Amino acid sequence: MAKVLFIVSGATYWVLKDGTRYATGYWAEEFANPYKILTDAGHRITVATPGGTTPNVDMMSLRPAMAGGEKGALELEAIIRDAEVMRRPLQLSDVRLEDYDAVYLPGGHGPMSDLAFDADAGRLLTAQLESGNPLFIVCHAPASLLATRIHGVSPFKGYKVTGFTNEEEEAVGLASRATWLLETDLKEKVEVEYSRGPIWEPYMVEDRNLVTGQNPHSAAVLGNRMLEILA
C-alpha cells in the first residue's frame, strides 16, 4: 500500500481580463478518476491545499454534457461525496514529502488562480522533482510549474511536458478572456519542451519522474500509470 499526496487548488474563482470572477475550482473527473483507481487498489490518499482550504469542485465539471452523460455525472458526484479526505485537507505549508510515495495534481481552472503563484506549491514540486519520486500533473495543474521559478528560472526547464492547450482554451471560450494562457506560459516562462495531442483526447507525457496529462480525459490514464509505478 502506497501513500499518495494530492495537491489540489483551493480557488473558487479565476479573475479574467475584464475583472470578471469566473467560477471555478478543481475539475471533478481529474480528482475522482485517479482517486478511485488508487483507493480501489488499496492506496491511501492525503489532500493538501493552499492554507488548508476545503477544495471546491467546478460545478461545470459535474454537468452531464461534461461528464459523459447523466450516469457519469452521478458516478463522479458519488466518488467526491464519499471522499472524506477532501473535507480535511492539510495546509501545503505543513506537508512533509517524505511521508508520501507519489504526488498528484488535478486541474480545473483553479490552479491558474492559486497554485501558479503559491510559494509552497513551488517548493514542494521542486523538492519532489529532485527526490526522483513520481510526480503526476494533469490539465491546468501544470500552471503550478510557474511557481517553481527562482529568479525567473525553473528546475522544470527542458522537461517534456503537456497540459491544457490554447486550442482547448479557445474551444471553451476562455482564451480571449484570460489574462494568460497555460500552453504559452509553459513554453515561454518555464521553458519546457511542450507537446500535445488532439483536443479532448487522452495524451500523456513521461520524462524521468515527471508525468503530465493534457486534459480531463488524460486523468484516468495518469491514474493507471500511477498504479503501475506504485506496484
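**Exercise 1. Determine how many aromatic pairs this predicted model contains, and work out which geometry F6 and Y104 adopt.**

Solution. Counting ring centres that lie within 6.5 Å gives seven aromatic pairs.

**Exercise 2. Classify F117 and W180 as buried or exposed, and state what their pairing ties together.**

Solution. The two rings form an edge-to-face pair, 6.2 Å centre to centre with 75° between the planes. F117 lies in the loop between α3 and α4, whereas W180 lies in the loop between α5 and α6, so the pair ties together parts that are 63 residues apart in sequence. With 58% relative accessibility F117 counts as exposed, while W180, at 12%, is buried.

**Exercise 3. Check whether the span of helix α1 agrees with its number of residues, and identify what covers its buried residues.**

Solution. Helix α1 holds 13 residues (28–40), which at 1.5 Å a residue should span 18 Å, and the end C-alpha atoms are 17 Å apart, which agrees. The buried residues of α1 include F31 and Y35, and among the elements that cover the buried residues of this helix are β1, β4 and α7. After α1 comes G42, whose phi is positive, near 95°.

Definitions and conventions:
Residues are numbered from 1 along each chain as its sequence is written. This is a predicted model: local features need pLDDT of at least 70, side-chain atom pairs count only at pLDDT 80 or more; totals for chains, interfaces and linings use all residues. Side-chain values use heavy atoms; hydrogens and water are left out. Helices (H or I, at least four residues) and strands (E, at least two) are DSSP runs, numbered from the N terminus. The expected span of a helix is 1.5 Å times one less than its number of residues. Buried means under 20% relative accessible area, exposed over 50%, partly exposed in between (1.4 Å probe, protein chains only). Contact means heavy atoms within 4.5 Å. Rings of Phe, Tyr and Trp (its six-membered ring) pair if their centres lie within 6.5 Å; planes under 30 degrees apart count as stacked, over 60 as edge-to-face and the rest as tilted.
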